Amino acid sequence: MDTGNPEGKARAGVVVRTGRAVGRGLLAVPLAVTRRVRRATHAHGAGESGMAKLIELHAVHSAGDMLITFALASTIFFSVPTDEARGRVALYLAITMAPFVLLAPVIGPLLDRVPHGRRAAMAGALLARGMLALVIASAVVTGGLELYPAALGVMVCSKAYNIVRAAVVPRLLPPRISLVKANARITLTGLLSAGAMAPVGFALNAIGERWPLYAACAITVVGALMSFRLPGQVDLAKGERTAHLAELAEIRSGDGEGRSERRGFLPRAGDSPVLRALTANASLRALSGFLLFFMAFLLRGEPLPGLTAALSLGLVGVAAGVGNGLGNVLGNWLRERSPELILLAVLAVAVGTTVAAAVSYLAVTVIAVCAAAGICQALGKLALDALIQRDVPDVVRTSAFARSETTLQMAWVLGGAVGISLPLIGPLGMAVCAGLVLLGAGFSVRGLLSAARRGSPHPRVR
């Protein structure tokens, strides 16, 4: 009877065992990372309250957002010469940004009418983005004008998702986590997810222009399903009502139980720390939008002194991304500080760096502006969240988050429009940056200083 080749069987066994060992080794790193991420997202009661599920959902949303952004940028910006790209982006802004300025104020009130369907609203926004990604995939190849209305739809859906998410956070807040820390954790997870997806986008784009958009569609469908995993209290709206910006202007620090005092209408809005914080954040968000569009075009034709165009774009992009992440990390460290003082500090940093870059336009000063914009935007938003948590009554707090998010997105759009319309002159752009921040500081510093000196009867956020 043929017993086979013992030596061959032994070699085959070695190959199988080696393959299994290599497979376990390759899986060990991602599995270890997954376990660590899961521990981080579920820490401090976030797993029990449902906050961890929202964090994971936002990570999926950010991954899909990165793929769509990558596909649009490579199609509209990087695939053509600088002059043609500027014209195409100007057309993109005209067709998408201008209508968005009109639609953005409607998004918040519209979402206020569906407080019992927030999970469905988030799922719907994600699914719509996925379907529009397929429309963009078709337009990328054919060059059809449907690219622009589809991009507008993607933008509206993304902002709608972010507004609903901001309104959902207080509903899932664990007792041991402040709103500042929760938002910092959500934002950091989103940044990490988007960063991890960037090389995937490059690899898919190498296969074909449509593939990042196909992947984005698949990811958003997964996100839509994950929306319904959120706890049921997300859809509860007991005791809530709509807040308007005029009401935010009236709100002042009240008694220890969180009730607000009404002291006049808009003529006395200067006493409102919330409105002042919103004004400061709007200037920082406008700065971010301006830098994104202005620097992208400027550096293609006029790199930073002593650097190539590719290296210049890479450095300012990394500086802005690292700054945003660092700002959220600092938000956890500064969580015991007064939100008004945090806003005053970031305004001072933003003014200092932009003025320095306008006076001395060098690679180091421009990179410092981009890094400072990321840090200041992140810290400013966390401080605004803390003020809304502290000073806005419970019955209108979730609506206030929706309104503030809409306002900040409009500021970003306006900043981007200014950036695309300016002549591509570096010192001029930095001077405009300084002007944007100084404008916001002029309207907010006095009120923030007064609020910081007066203090708050409420406990500081933990």
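In this predicted model, 83% of the contacts between residues at least 6 apart in sequence join residues at least 24 apart. The secondary structure consists of 15 helices and two strands.

**Burial and surface**
- The protein has 462 residues, and 51% of them count as buried.
- Its accessible surface amounts to about 20,300 Å², and carbon and sulfur atoms account for 68% of that area.

**Cysteines**
- The number of disulfides in the structure is zero.
- For Cys433, the closest cysteine sulfur is that of Cys370, at 8.1 Å; because a disulfide requires sulfur atoms within 2.5 Å, this separation is too far for a bond.
- Cys433 is buried, with a relative accessibility of 0%.
- Cys376 is likewise classed as buried, its relative accessibility being 1%.

**Aromatic pairs**
- Three aromatic pairs are present in the structure.
- One of them joins Trp211 and Tyr214, whose ring centres are 5.5 Å apart; their planes meet at 85°, so the arrangement is edge-to-face, the class for angles over 60 degrees.
- Both Trp211 and Tyr214 belong to helix α8, which spans residues 211-227; the two are three residues apart, or about one turn of the helix.
- Trp211 is partly exposed, at 43% relative accessible area, and Tyr214 is also partly exposed, at 32%.

Terms used
Residues numbered from 1 in each chain as written. Predicted model: local features only at pLDDT ≥ 70, side-chain atom pairs only at ≥ 80, totals over all residues. Heavy atoms only, no water. Helix = DSSP H or I, 4+ residues; strand = E, 2+ residues; numbered from the N terminus. Buried < 20%, exposed > 50% of the residue type's maximum accessible area, 1.4 Å probe, protein only. Contact = heavy atoms within 4.5 Å. Areas by Shrake-Rupley, 256 points an atom, 1.4 Å probe, with all protein chains shown as cover. Phe/Tyr/Trp six-rings, centres within 6.5 Å; stacked < 30°, edge-to-face > 60°.
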